[in-house]
Amino acid sequence: MKKLICFDLDGTLTQHRSPLEEQNKKVLNDLSKKYKVIMVGAGGCERIYKQMENYPIDIIGNYGMQESKIIDGKFTIVKQQISFPDKEYFLEKADYLRKKYGYTEFKGDSVEFHATGMITFPLLGTKADIQDKLTFDPTREKRRVLYPEILELFPNHAVYIGGSSSFDFSEKQYNKYDAIMTYAKENGYTLDEILYVGDDFADGGGDSHVRIFGMDYVEILDYKTLEEKLKFLL
């Protein structure tokens, strides 16, 4: 019997960086009548909350570095972890990878260091045009060429083939599986009571740790099919 249903956002509930549509909002509302429903994202809690147009739900953000709840009707950050990466090392290795694989032309910065300590390595640069990013690597084939070497260069980090043209880095303990299990322990749920719903379970995907460590999951290949895929829960 499942009791805790955990959702990814982009590609699962919505189009990438797009608002929550009424059909999938209804799915969340219906599920919430029977289960505890939460969001588990790669991005920050506030970004997820705003993208969902202030939908009232617990959010685990930044792969577990952040958590928010609705308290007295207000969005509230209740957990915030910060790490301190070796910026010089990241910049040096990003430059090496760009030269080796031919990504020496880019707009903006070569590496983005987030306030949390997470890092993004955008192959097209931090200020690339959105259309260029969307058409760059939709199948992720280009980034999978670099992925094995990136894992070797950053052995102390979880590395994700993130967004449409980048890699995301967090310290290894920050991944969706461990983030969910921490939340579950704090709120009285066991592994067999949890179901995760996402779209990115391949190696390097943001949801990959859920698959690798054996949590039950439902794969959503098209966010418009969410209701059909979850009909067995409703």
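What covers the buried residues of helix 1? In this predicted model, the covering elements include strand 1, strand 2 and helix 8 (226-229).

**Helix 1**

Helix 1 spans residues 22-32, and its buried residues are Asn24, Lys25, Val27, Leu28 and Leu31. Viewed down the helix axis, these buried residues fall within an arc of 155°, so they line one face of helix 1. An α-helix has 3.6 residues a turn, so residues three or four places apart point the same way.

**The sheet**

Strand 1 and strand 2, both part of the cover over helix 1, also belong to an open sheet of seven strands. The strand order is 5-4-3-2-1-10-11, with mixed pairing. Strand 5 (74-80) and strand 11 (217-219) stand at the edges; each has a single partner strand, so one side of each is left without a neighbour in the sheet. From one strand to the next, the twist averages 25°.

Strands of a sheet pair through backbone hydrogen bonds, either parallel or antiparallel. Strand 4 (residues 66-71) and strand 5 run antiparallel and are joined by six bridges. In one of the pairings between them, Glu67 has Lys79 of strand 5 as its bridge partner.

Helix 6 (residues 176-187) lies across strand 1 (4-7), strand 2 (36-40), strand 3 (58-61), strand 4, strand 5 and strand 10 (194-198). Relative to strand 10, helix 6 runs at about 145°.

**Helix 5**

Helix 5 (residues 141-153) bends by about 40° at Tyr147, and a proline, Pro148, follows within four residues. Tyr147 is itself among the buried residues of helix 5, the others being Arg143, Leu146, Glu149, Ile150 and Leu153. This buried set packs against helix 3 (87-101), strand 8 (157-162) and strand 9 (166-171).

**Cysteines**

The structure holds zero disulfides. Cys6 takes part in none, and the nearest cysteine sulfur to its own, that of Cys45, is 14 Å away. Seen from Cys45, the closest cysteine sulfur is in Cys6, and the separation of 14 Å is too far for a bond, because a disulfide requires sulfur atoms within 2.5 Å.

| Residue | Relative accessible area | State |
|---|---|---|
| Cys6 | 0% | buried |
| Cys45 | 0% | buried |

Methods. Residues are numbered from 1 along each chain as its sequence is written. This is a predicted model: local features need pLDDT of at least 70, side-chain atom pairs count only at pLDDT 80 or more; totals for chains, interfaces and linings use all residues. Side-chain values use heavy atoms; hydrogens and water are left out. Two strands pair if DSSP finds at least two bridges between them. Helices (H or I, at least four residues) and strands (E, at least two) are DSSP runs, numbered from the N terminus. Axes are lines fitted to C-alpha atoms, for helices over the stretch in contact, and angles run from 0 to 180 degrees between N-to-C directions. Contact means heavy atoms within 4.5 Å. Buried means under 20% relative accessible area, exposed over 50%, partly exposed in between (1.4 Å probe, protein chains only). The arc is that of the directions from the helix axis to the C-beta atoms. The bend at a residue is the angle between axes fitted to the seven residues ending there and the seven starting there.
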